[in-house]
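Morning, everyone. I have one structure to show you today. Let me put it up, and then we go through its pockets and its sheet.

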Amino acid sequence: MASPEIVALTTPVVRQVQIREIFLRWSKLERQAGRELPGEVAVRFGFKVKSSLDRDAKDLNVDTIFTADATDTKTESPVFRAEADFAVAYQLKSLDGIGDDNVKAFGRMNGVFNTWPYWREFVQSGVARMGLPNVTLPVLTAPMLVKMYAEEDAKEAAKEEAAASLEEVKADSD
């Protein structure tokens, strides 16, 4: 989904929504490094988003499961893994002009933006409690987010294409 398209899809929801609460559903922190502290650490992060809308109650819920894997840049040894599911409950004033595509786009953009600061703090404070060197996740920007979704969508399309080709080969052999 291209940037202007996703922004256009979020707009009807943005005009009608307020955050009711943000909370942590579950989390996991695992120190993988031994007693010797790593030097410089590289962190790879990702997330999956699930949005749901209760039309009767006008409740929009967005769950974002974040992951972060850190490795020592010199040894390439794992240092830590962090996972957390942050949920946002929104209240909508009206459902006018809001469809499933709007809800999905809103969750993918605003749901992630609204929970990202909580995730950053979770990782930073958790890493400190594990006695590891400080890690600060980057500021999440719209271009970064759109690029991540474009890569994810391309991978999904390639999987679907491969599955379709496999079905075609299977049908030909029957």
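First, what counts as a pocket: on a 1 Å grid over the protein atoms alone, it is an open set of points where a 1.4 Å probe fits, with protein on both sides within 12 Å along at least five of seven lines. Grid points are joined across faces, edges and corners, and a volume is the space filled by probe spheres set on the points. A lining residue has an atom within 4 Å of a point.

Keep in mind that this is a predicted model: local features need pLDDT of at least 70, side-chain atom pairs count only at pLDDT 80 or more, and totals for chains, interfaces and linings use all residues. Numbering starts from 1 along each chain as its sequence is written, and side-chain values use heavy atoms, with hydrogens and water left out.

Helices here are DSSP runs of H or I, at least four residues, and strands are runs of E, at least two, numbered from the N terminus. Helix 3 gives the most, seven residues. By class, the lining has five nonpolar, two polar and six charged residues. Nonpolar means Ala, Val, Leu, Ile, Met, Phe, Trp, Tyr, Cys or Pro; charged means Asp, Glu, Lys or Arg; the others, Gly among them, are polar.

The second largest pocket has a volume of about 160 Å³. Its lining includes Phe47, Lys48, Lys104, Arg108, Tyr149 and Glu152. Strand 2 gives the largest share, five residues. The classes here are three nonpolar, one polar and five charged.

Strand 3 and strand 4 (residues 78-92) pair over 13 bridges. Ile65, for one, has Asp85 in strand 4 as its bridge partner.

Conventions:
Pairing = 2+ DSSP bridges.
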